[in-house]
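The entries follow below the display.

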Amino acid sequence: MALRHNVLLFLCISPFANALYKQWIPDTNFENATNWDKGSVPCGNDQVVFLAQRKVSVYVETAHTIRGMSLPMDGQLILASGAGFSVREGGDPGCGSGVTAQFKDPESLKWFDPSLWVAATTIDDLHRGTHQFCVHEESVPCQFDDVVFREATSFRVDVSCDHDVPVKSVSVLGKKFTSSSEFSQYLSSDLGKLEFHGSSSVSIVGSACGDITGCICDNSRHRDEICANVKCDPLECKKPLHPVGHCCDVCGAVVDVQFSSNFNFESYRQRLQHLFLSLPKYKSVLMAMSKVSKEQRLLGVIPFKANEEIQVLLLDQETGQEAGKLAETLARDVVQDVHNQGSNFGITSADFKASSGASSSEVAGNSAGVVVGAVLGTLIGVGLLAVVIVLYRRGFVKLPRMPSLPSLSKWKNNSEIGELGGPMDHGFDNPMFDKPTMMPEVPGLYGTEAMNSITLTQMGVHFVNPVYDETDFNG
């Protein structure tokens with residue numbers, strides 16, 4: 001009973017669904033050294049240059065001394081309290097001889113680049129840097145996610161695709177937009193146009209995931225845009241896996257979890273985090289847990305419906321021949337935990353596949369393959385027979401005549417089988433063994449004389465052979 005109470009308490013304190021906070025990483029801040037071609041923030045003897053034909057908004061956090069500045073034709077400087085620019089007479093002795101520092105072009109930064117986002121389950125985790133690993137499609141904001149652009153930052157992001165991009169909310173410069181109409185007004189402002197550009201726009205749906213078992217991200221329609229920004233690494237494992245929602249094959253393990261209506265997505269994610277990933281031996285393993293729709297196949301061949309499952313992707317940091325082995329060990333532990341405690345969490349079953357070729361259903365898979373082969377062979381045979389019958393009945397196919405068999409009444413039990421092949425050939429005449437009726441009439445050959453020519457004596461058998469001379473056989 002104590003275990004059951006702990007389980008119920010764990011479910012009650014956990015979040016309701018699997019929505020995440022997704023934060024944009026790049027910025028166009030003046031103080032960010034990576035935004036400058038020289039790799040450092042301009043100082044008092046430097047000439048600052050912004051590309052004239054590029055649109056950009058730049059957040060300036062502090063006061064700066066520079067030699068001069070070339071501004072773009074369409075841009076904004078967002079000055080924080082106390083921020084600004086000045087020119088010092090005689091220059092800055094600590095800045096050296098001075099260089100021309102050019103601000104990098106931010107036009108290539110795309111919304112659908114998974115590497116430009118980080119995810120967290122709470123806003124506090126986001127601020128602490130406690131991030132969640134996700135498959136590529138879910139690294140980009142999903143329709144139930146809260147999108148966050150850091151408060152003291154400026155940015156420019158290209159939102160180009162064939163559809164509008166729905167999200168739950170958007171936070172920009174410390175202001176959170178939860179209304180579609182309000183955010184549309186912001187996008188039409190001068191600052192909004194500098195920050196968001198491209199063929200599509202971000203729309204706010206404002207609704208959270210209403211399913212305690214989790215919600216599907218639904219970024220598969222943007223898969224082409226997402227995967228176009230991903231470069232896959234070469235792999236050395238035996239049988240690389242291709243998880244749902246991921247752009248690349250991986251070395252690791254995938255656990256597929258089947259669940260019931262009382263399954264709690266976020267509770268189970270926290271259980272895996274605390275029960276396994278907190279252990280020292282699994283510290284290097286990355287886990288991406290998501291609700292996915294998988295196509296079910298009859299006998300493993302014929303698709304007939306889609307089924308919702310929980311996919312747990314496990315990747316370790318090992319390389320070469322060791323890649324994926326630690327993830328496989330963890331997958332086995334997760335499946336064993338489901339067998340022992342899964343019913344307490346609304347889990348009905350679980351199985352895993354590993355890049356080593358191992359799986360929890362490999363024996364069943366082999367048996368299924370044999371059954372499928374036999375069934376398909378039978379179906380093909382029956383189908384061909386049916387086609388032949390239909391063609392025969394319609395006159396398109398004629399069956400060949402079968403040779404007639406001889407009548408059984410003509411078979412006899414005696415040794416004379418001449419009727420089957422004509423007159424019987426008896427070979428040479430043997431006067432000793434052939435019947436008298438089959439021999440020509442030879443006077444005296446089978447008469448009394450011949451019968452009396454065989455006598456028994458004490459010395460043995462004595463007989464007269466009309467073909468040879470008289471012979472004695474003495475025993």
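I took a disulfide to be a pair of cysteine sulfur atoms within 2.5 Å. The model is predicted, so I note that local features need pLDDT of at least 70, that side-chain atom pairs count only at pLDDT 80 or more, and that totals for chains, interfaces and linings use all residues. Residues are numbered from 1 along each chain as its sequence is written, and side-chain values use heavy atoms, with hydrogens and water left out.

**Entry 1. Search and pattern.** I searched the whole structure and found 6 disulfides. With bonded cysteines counted along the chain, I recorded the pattern 1-2, 3-6, 4-5, 7-10, 8-11, 9-12.

**Entry 2. Cys142 and Cys217.** I found the sulfur atoms of this disulfide 1.9 Å apart. The link of Cys142 and Cys217 is left-handed, with -90° about the S-S bond. I placed Cys142 in the loop between helix H3 (136-139) and strand S10 (146-148), and Cys217 in the loop between strand S16 (202-204) and helix H6 (223-227), so the pair ties together parts 75 residues apart in sequence. For these elements I used DSSP runs numbered from the N terminus: helices are H or I of at least four residues, strands are E of at least two. I also checked accessibility, where buried means under 20% relative accessible area, exposed over 50%, and partly exposed in between (1.4 Å probe, protein chains only). Cys142 is buried at 6%, and Cys217 is buried at 9%.

**Entry 3. Cys43 and Cys95.** I read 1.6 Å between the sulfur atoms of this disulfide. Cys43 is partly exposed at 24% relative accessible area, whereas Cys95 is buried at 14%.

**Entry 4. Cys237 and Cys251.** I found these sulfur atoms 2.1 Å apart in a disulfide. Its S-S torsion is about -85°, so the disulfide of Cys237 and Cys251 is left-handed. Both Cys237 and Cys251 lie in the loop between H6 and strand S17 (253-259), so the pair ties together parts 14 residues apart in sequence. I noted Cys237 as buried at 13% and Cys251 as buried at 11%.

**Entry 5. Cys134.** Which cysteine sulfur is closest to that of Cys134? I found the sulfur of Cys142 at 7.7 Å, too far for a bond. Cys134 is buried, with a relative accessible area of 10%.
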